[in-house]
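Please look through the sequence and the model below before reading on.

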Amino acid sequence: MDGKVGFGVVNAIVVILYLLFTLGFGSSFMKKASKNADAYFTAEGSLPGWAVGMSIFATTLSSITFMSQPEKSFNGDWAYAIGSLCIIPIIPILIAFYVPFFRKLHVTTAYEYLEERFDPIIRTLNSLLFVVYHLGRIAVVIYLPVLAIASVTTINPILVALAIGIICIIFTMLGGIEGVIWSDTIQGFILLGGAFLVIIVGLFKIDGGFSTVVSTIGGEDKFISSSNFDVTNLASFVPLIFIGQFVNSLYQYTGSQDVVQRYSSSKSWKETIQSLMVPGILGVVVIPLFFGMGSIIYTYYANNGSLPADFNTGAIVPYFVLSQLPVGLGGLIIAGIFAAAQSTVSSSLNSISACLVVDIKRRFFPKLWKNLSEVTLARIIVIIAGIIGTMVTVYFTAGNSSETWEIFLTVSGLFGVPTGAMFALGIFTERTNGRGALIGLIAGIVSALVANGLQVNALLVSTVAFIVTLLVGYFASFLFPKNNKNVAGLTYKTRDVEYIRS
């Protein structure tokens with residue numbers, strides 16, 4: 001057996017209809033998005049908090065969650081589920097210490113804060129790091145559904161990658177952030193519904209249902225065991241998983257433009273708080289959903305025959321879906337995988353264009369391309385970034401790697417987490433200056449490269465990068481005279497003080 005199963009005409013029709021719907025729905029916001037750059041990037045702060053929150057949820061989870069977390073519990077245990085709990089302390093930290101600065105500065109990009117707090121160099125470097133990171137992220141999240149389909153059908157994976165990439169490019173280019181957020185809202189519900197459907201059908205097909213799952217997982221130590229607290233086993237060492245996930249998530253919610261951009265899209269401070277509570281609650285709810293999928297699928301195959309030889313477990317969810325679920329329902333789940341990918345890709349494309357337009361073109365070249373509106377330039381950037389991300393997918397496809405979770409976390413540690421430390425330095429210290437922060441940023445990236453070269457756990461890479469950036473950035477600032485830059489209103493001690501942007 002080669003692991004290939006039939007996709008079926010009905011399933012194909014369901015997926016095609018879904019793709020056409022998202023294309024039409026996202027594109028329907030074209031007129032509003034074309035109004036001006038503020039409308040294209042922040043929807044002029046007109047969206048309800050619950051929708052923005054659902055969009056944040058869908059963007060941060062994406063196909064990485066839908067595919068990789070079930071794979072973790074299928075191959076190992078629920079140790080990584082502990083890391084997902086970090087959202088509980090992160091949400092109140094965001095509300096108290098981070099989001100107030102983004103709201104009162106009325107930023108379009110997160111990195112505008114870094115210029116006010118430090119200098120233009122710090123702003124520009126971190127903005128460009130975001131762009132590089134998210135070009136890679138686009139490739140990863142397109143690759144996952146490509147892997148899913150290619151592993152269980154005979155469809156050409158390149159054609160699948162092109163279909164996802166082109167649709168995301170078109171509706172993101174036309175609909176702007178409002179189209180992205182409302183599409184994400186729908187895709188978030190599809191994401192949750194698909195996972196719930198897999199669990200229900202899986203339990204129905206297992207003799208003994210839930211009790212069999214519990215006995216199987218418990219009997220084989222595939223939930224949480226003493227080995228998860230063994231410091232010599234870094235791959236499943238729970239404290240490291242929690243800390244590593246914490247710094248990764250802190251970056252995502254404080255230094256990643258695709259999320260921070262949404263804080264300015266909601267109508268008011270109250271709505272912004274609501275937008276954070278939604279992913280906070282759902283972030284806990286999805287733990288039993290996504291890790292439970294892996295446990296249920298493992299139990300099914302442990303009691304009902306084995307998988308094909310040399311099966312790529314990165315495709316365990318779509319294989320189970322298309323081989324065990326009724327025709328049509330399988331198409332809905334595959335559509336859910338597409339939804340998970342699209343929500344992330346569309347957000348990345350819009351935020352990449354925001355960084356390059358606001359942080360680069362508007363900041364340094366305001367007179368360049370006078371006859372080209374910022375909205376038109378943003379759309380051109382979306383097209384170019386989308387093409388690059390889609391083409392990079394080919395690299396992952398050729399490698400046929402099942403460890404996509406590790407790939408993503410490693411990239412995050414190299415290019416994302418040091419940026420998260422920049423915001424922590426700016427908000428929680430007063431003595432840190434631009435030159436010290438720059439040294440810290442460089443040290444953080446170098447330390448991540450070194451740690452990654454040693455082939456240590458990806459979460460350890462993230463943790464090392466964050467700590468090194470923070471410590472070096474702070475202490476290096478003492479090598480330079482204390483500048484006279486006004487930071488009142490930009491640090492946690494003065495977060496209630498009004499700040500007038502220069």
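This is a predicted model: local features need pLDDT of at least 70, side-chain atom pairs count only at pLDDT 80 or more; totals for chains, interfaces and linings use all residues.

Residues are numbered from 1 along each chain as its sequence is written, and side-chain values use heavy atoms, with hydrogens and water left out.

A nonpolar core is here a set of buried Ala, Val, Leu, Ile, Met, Phe, Trp, Tyr and Cys residues joined through side-chain atoms within 4.5 Å, where buried means under 20% relative accessible area, exposed over 50%, and partly exposed in between (1.4 Å probe, protein chains only). The largest such core has 134 residues, and those touching the most other members are Phe66, Leu94, Phe102, Tyr113, Tyr263, Tyr301 and Phe338. Helix 9, residues 157-205, gives the most to this core, with 18 residues; helices (H or I, at least four residues) are DSSP runs, numbered from the N terminus. A second, separate core of 9 residues includes Trp78, Ile241, Ile287 and Phe291. Leaving aside residues up to four places away in sequence, tyrosine 301 touches Phe74, Ser306, Leu307, Ile316, Tyr319, Phe320, Ser323 and Gln324, contact being heavy atoms within 4.5 Å.

Helix 15 runs over residues 329-364 and, with 36 residues, reaches 51 Å from its first C-alpha to its last, close to the 52 Å expected, a span taken as 1.5 Å times one less than the number of residues. Helix 15 has a kink of about 25°, centred on valine 357, the bend being the angle between axes fitted to the seven residues ending at a residue and the seven starting there.

Why does the structure have 0 disulfides? A disulfide is a pair of cysteine sulfur atoms within 2.5 Å, and the sulfur of cysteine 168 is too far for a bond, because the closest cysteine sulfur, in cysteine 355, is 18 Å away. Cysteine 168 is buried at 0% relative accessibility, and cysteine 355 is likewise buried, at 0%.

Most residues other than glycine have a negative phi. Histidine 106, however, has a positive phi of about 55°; histidine 106 lies in the loop between helix 6 (87-105) and helix 7 (111-117) and is exposed, at 66% relative accessibility. Aspartate 221 also has a positive phi, near 55°, and is found in the loop between helix 10 (209-219) and helix 11 (238-254).

Methods: Helices (H or I, at least four residues) and strands (E, at least two) are DSSP runs, numbered from the N terminus.
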